[in-house]
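Please examine the structure shown below before reading on.

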Amino acid sequence: MSLAGLDGKIAVVAGGATGIGAACARRLAAEGCSVVVGDVNLDGATTTAQDITAAGDVATPVHFDLAEPESVAELVNTTVAQFGGLDLLFNVGSDMSLLPGDTDVLDIDLAVWERTMTVTLRGYLLALKHSIPHLLARGGGAVVNMASAAAFEGEPTRPAYATAKAGVCALTRHVASRWGRDGLRCNAIAPGLTATAVIRSAPQWPQLEVAALKRMRSTRVGKVDDIAAMVAFLMSAEGAWVNGQTINIDGGTVLR
């Protein structure tokens, strides 16, 4: 059964070329949304959009870079120009190439810290800044921001990533508080280990999976479709009374 209130909506997936972003783009399109698949990886965004259109749904790829303010603005402007408005935004992009250098507060290169904040936190801020006026013009709409279980776990490594994701949670609460009574809903999701194709191909995948299973109250790690299902629900009319929340989707890793 389809989720209520998504058919005919216009959605931007800011980071939709692969993995969780691509799965969410496919799910929203299957629910009847026209989806703009934005990503710095244009080839990947094009492949995702082509998969969607081959299934009979509507999608278009757009090249953009979360680290570049003008590029983020152009993503939103292109969407509005092509489809006539904007109803839904999923902020999911991140520069995962930074993780090996995201060591601890003694050893981290400040360039890694600054790049992480630029992409994952400032980039989301910019996407919100440019999207919110268009969302409000159509009655409010819904935003979902990608946080992470790392924002809550207190890991011995990845301080920049965890701090940026904690900032995403705070940014989410701000938007919900500022514009909730204008009809805008803004929530965040905090996935645990999710078996994307990229993560599964990593040499350390078996060890990552074993370690994750030890931390959670579940029989398996996450799938991209698990995340897509929650994003679609939060954006749908069936999630209409959820606002300003960070939802953990992690098999029971973080309990709160």
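A salt bridge is here a side-chain nitrogen of Lys or Arg within 4 Å of a carboxyl oxygen of Asp or Glu. This is a predicted model, in which local features need pLDDT of at least 70 and side-chain atom pairs count only at pLDDT 80 or more, while totals for chains, interfaces and linings use all residues. Residues are numbered from 1 along each chain as its sequence is written, and side-chain values use heavy atoms, with hydrogens and water left out.

E31 is buried at 9% relative accessible area (buried means under 20%, exposed over 50% and partly exposed in between, with a 1.4 Å probe and protein chains only). R27, at 26%, is partly exposed.

Another salt bridge pairs D87 with R138 at 2.8 Å, N to O. Because D87 lies in the loop between α3 and β4 and R138 in the loop between α4 and β5, the pair ties together parts 51 residues apart in sequence. Helices (H or I, at least four residues) and strands (E, at least two) are DSSP runs, numbered from the N terminus.

Helix α2 covers residues 42-54. Its buried residues are G44, A45, T48, A49 and I52. Seen down the axis of α2, these fall within an arc of 135 degrees, so they line one face of the helix; the arc is that of the directions from the helix axis to the C-beta atoms. On the other side of α2, D43 and A54 are exposed. Just after the helix, G56 adopts a positive phi of about 90 degrees.

Terms used. The expected span of a helix is 1.5 Å times one less than its number of residues.
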